[in-house]
Structure formats: structure tokens, C-alpha cells
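Hello,

Here is the structure I promised to hand over. Please open it alongside this email; my notes follow.

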Amino acid sequence: MKTTMTLLAALGLAASASVATAKPVSFNYAQVQFVNQDLDDYNCNQDGLRLKGSFELNDDFFVPISFSDVSGNRGCGSNAIDVGIGYHTLFGADSRVYGTLSYEHISPDHGDSDSGLAAAIGLRGFVQHNLEARVEVSHHVAGNG
């Protein structure tokens with residue numbers, strides 16, 4: 001794991017140095033994602049859309065939010081909402097390292113709802129002019145974690 005993080009850091013620095021004139025990474029954004037989940041324990045394959053966004057509170061802090069609605073075979077599916085607070089700082093010439101702590105609520109179509117915390121760390125930056133990449137690791141404690 002330590003080697004992987006070192007490699008990611010080196011790649012982030014190399015990518016940042018190659019496009020030093022690009023505009024800064026913004027934490028004001030909205031996106032739509034297609035989600036496909038295969039839940040082995042429940043023999044369920046579900047998919048749907050996730051609406052995700054973020055807005056900056058100031059130069060360092062931002063608020064991430066997401067909502068997803070997935071459905072699938074055997075009547076499985078769920079809704080999830082995630083709202084939190086994040087902090088980002090400069091990492092290289094035009095990339096940012098960030099961390100978030102969020103409250104997460106999951107409501108399955110069949111079964112009990114559950115809530116918990118999600119913590120994430122990541123790196124966002126430009127790999128080419130107007131092309132941004134993100135690597136993120138997160139841990140969720142809703143349900144069985």
C-alpha cells in the first residue's frame with residue numbers, strides 16, 4: 001500500500017509539472033455518473049444514476065453531496081444520500097490533495113435503512129490541458145462497513 005501511494009504521488013507530481021499553465025482545479029462542479037453494483041452476498045446486480053456535486057465554501061473547504069438511485073434484478077435496489085465537508089490543499093503545480101468526512105444514509109428497496117460515516121482521501125489534477133483525473137480511496141461504515 002505504501003508503494004502504491006508513493007507511486008500515485010509521483011504520478012501526480014509528474015502530471016502537475018507537465019501542465020503548469022492549466023487553470024486551477026475547482027471544487028465547484030456537478031456531475032452525473034452511471035453506477036453498476038454487483039452485491040455478492042445478496043445475489044443482486046443493480047444499476048442506476050448518481051448525481052454528485054460540490055461547492056467551495058472558501059479557498060480550502062468545500063461541501064460534497066451526492067444522491068444515487070439504483071435498481072436491479074430480484075427486486076433489489078436502493079437510494080443513498082451523502083453530504084459532508086471536505087478540505088483541499090495544493091499538491092504540485094496544478095493538482096489538489098483532499099479529504100472528506102460525510103454522513104451517509106442508505107435506504108434499500110427491501111430491508112432496513114442504515115446510516116453511517118464515510119471518510120475519503122484523494123488526489124485531483126490535470127493530466128492534460130482541460131483533462132482532469134481523480135484517484136480516491138474511501139471507507140464507509142453504514143451497514144456492515
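Let me start with one residue and its surroundings. Ser-66 touches Arg-50, Leu-51, Lys-52, Ala-80, Ile-81 and Asp-82, leaving aside residues up to four places away in sequence. Ser-66 sits in strand 3, which covers residues 61–72. Its relative accessible area is 15%, so Ser-66 counts as buried. Bear in mind that this is a predicted model.

Next, a charged residue. Arg-96 belongs to strand 5, residues 95–108. Arg-96 is buried, yet it has no salt bridge. The nearest side chain of opposite charge is Asp-60, 5.5 Å away. What does Arg-96 touch, not counting residues up to four places away in sequence? The contacts are Val-25, Phe-27, His-88, Thr-89, Leu-90, Phe-91, Gly-122, Leu-123 and Arg-124.

Now the surface. There is a nonpolar patch of about 840 Å². Phe-55, Leu-57, Phe-61, Ile-85, Tyr-87, Leu-101, Tyr-103, Leu-117 and Val-141 make it up. Which elements give two or more residues to the patch? They are strand 4 (77–90) and strand 5.

Phe-55 is one of the patch residues. Phe-55 lies in strand 2, residues 44–56. Its relative accessibility is 42%, so Phe-55 counts as partly exposed. Ser-66, by contrast, is buried at 15%.

Best wishes

Note on methods:
Residues numbered from 1 in each chain as written. Predicted model: local features only at pLDDT ≥ 70, side-chain atom pairs only at ≥ 80, totals over all residues. Heavy atoms only, no water. Helix = DSSP H or I, 4+ residues; strand = E, 2+ residues; numbered from the N terminus. Buried < 20%, exposed > 50% of the residue type's maximum accessible area, 1.4 Å probe, protein only. Contact = heavy atoms within 4.5 Å. Lys, Arg positive; Asp, Glu negative; His and termini not counted. Salt bridge = Lys/Arg side-chain N within 4 Å of Asp/Glu carboxyl O. Patch = residues over 30% accessible without salt bridge, like charges linked within 9 Å, V, L, I, M, F, W, Y side chains within 5 Å. Areas by Shrake-Rupley, 256 points an atom, 1.4 Å probe, with all protein chains shown as cover.
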